[in-house]
Amino acid sequence: MKPQETIYIAVADTSMIIRSGLVSVLRRLPDLPVQVIEVSSEEGLKHCMEAHTPQILIINPQFGGWFDVAAFKQEYPEAAMKFVSLIYTMVDANQLKGYDDSVNLFDDVDSLSHKISLLMNVADEEESDQDSLSQREKEIVGCVVRGMTNKEIAEKLYISVHTVITHRRNITRKLQIHSAAGLTIYAIVNKLVELSEVEMNL
């Protein structure tokens, strides 16, 4: 999508403090015009879907006891939405299956903005800098050179396998590195991993 198009985001959580805080941050994202809808109940989520389907749903995995992403997608098959888990308590990794990404209380504005941009494929001309890896991309580089699979990376970082693949594609595009050996050298030189962590994979 184009950078100036409005992004519709719904934030679903029963805690008014958490919900309102995240909404406040989302409305202040630099260079991303967003319209945010607050959802405090399952009934409210139904009304939200009927009135205006959001492009991104940021939701507590324990919303309504347990939010079933797969069942929700079946109920609204025509809705091309991205699902983002809102993490601020201990959550079983099994509850995070089906989500496209996650946000937590320690994410800063830049991290949140970057995640939204990735989810919506916002074209950012300034990201042509080859070495401008985000913090999440650096984490994924570290995981890759330690020999972790996409599935293992997804479980470790609480994101979907699809999101891992998207990040890896962006990393390749930015760094122009197309081999595991090249990525390993990059990670060691830039102190993303220790040499001892990757010796077995060289």
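Select helix α1 (residues 16-26) to start: it lies across β1, β2, β3 and β4, and it runs at about 175° to β2. The model on screen is predicted.

Next, select the strands. Five of them form an open sheet, and their order across it is β2-β1-β3-β4-β5, with parallel pairing. The edges are β2 (34-39) and β5 (101-104), each of which pairs on one side only. Look along the sheet: neighbouring strands are turned against each other by 25° on average, direction ignored. Strands of a sheet pair through backbone hydrogen bonds, either parallel or antiparallel.

Now keep β1 and β2 and hide the other strands. β1 and β2 pair in the parallel sense over six bridges. Trace the chain from β1 through α1 to β2; this β-α-β crossover is right-handed.

Bring β3 back. Strand β1 (residues 7-12) pairs with strand β3 (residues 56-59), again in the parallel sense, over four bridges. Which residue of β3 is the bridge partner of I9? The partner in β3 is I56. In β2, I9 stands opposite V36.

**The aromatic cluster**

Select F67, F72, Y76 and F83 and show their side chains. Ring pairs link these residues into a cluster. The structure as a whole holds four aromatic pairs, and two of them can be inspected here.

Start with F72 and Y76. Is this pair stacked, tilted or edge-to-face? The ring centres are 4.9 Å apart and the planes stand at 45°; planes under 30 degrees apart would count as stacked and over 60 as edge-to-face, so the pair is tilted. Both F72 and Y76 are buried.

Then move from F72 to F83. This aromatic pair is edge-to-face, with 5.8 Å centre to centre and 85° between the planes. The F72-F83 pair links distant parts of the chain: F72 is in helix α3 (residues 69-75) and F83 is in strand β4 (residues 82-87), eleven residues apart. Both F72 and F83 are buried.

**Two cysteines**

Select C48 and C143. Are C48 and C143 buried or exposed? C48 counts as buried because its relative accessibility is 7%, and the cut-off for buried is under 20%. C143 also counts as buried, at 3% relative accessibility. How many disulfides does a search of the whole structure find? The search finds zero.

Select S113, which is placed in helix α4 (residues 109-120). S113 counts as buried because its relative accessibility is 11%. To see what surrounds S113, show L29, P30 and L32: S113 is in contact with these residues, leaving aside its neighbours within four places in sequence.

The last stop is T163, in helix α7 (residues 161-175). With 7% relative accessibility, T163 counts as buried. Which residues does T163 touch, not counting those up to four places away in sequence? Select D100 and D101; T163 touches both. D101 also falls within β5 (101-104), an edge strand of the sheet.

Definitions and conventions
Residues are numbered from 1 along each chain as its sequence is written. This is a predicted model: local features need pLDDT of at least 70, side-chain atom pairs count only at pLDDT 80 or more; totals for chains, interfaces and linings use all residues. Side-chain values use heavy atoms; hydrogens and water are left out. Rings of Phe, Tyr and Trp (its six-membered ring) pair if their centres lie within 6.5 Å; planes under 30 degrees apart count as stacked, over 60 as edge-to-face and the rest as tilted. Buried means under 20% relative accessible area, exposed over 50%, partly exposed in between (1.4 Å probe, protein chains only). Helices (H or I, at least four residues) and strands (E, at least two) are DSSP runs, numbered from the N terminus. A disulfide is a pair of cysteine sulfur atoms within 2.5 Å. Contact means heavy atoms within 4.5 Å. Two strands pair if DSSP finds at least two bridges between them. Axes are lines fitted to C-alpha atoms, for helices over the stretch in contact, and angles run from 0 to 180 degrees between N-to-C directions. A crossover is right-handed if, with the strands pointing away from the viewer, the path from the first strand over the helix to the second runs clockwise.
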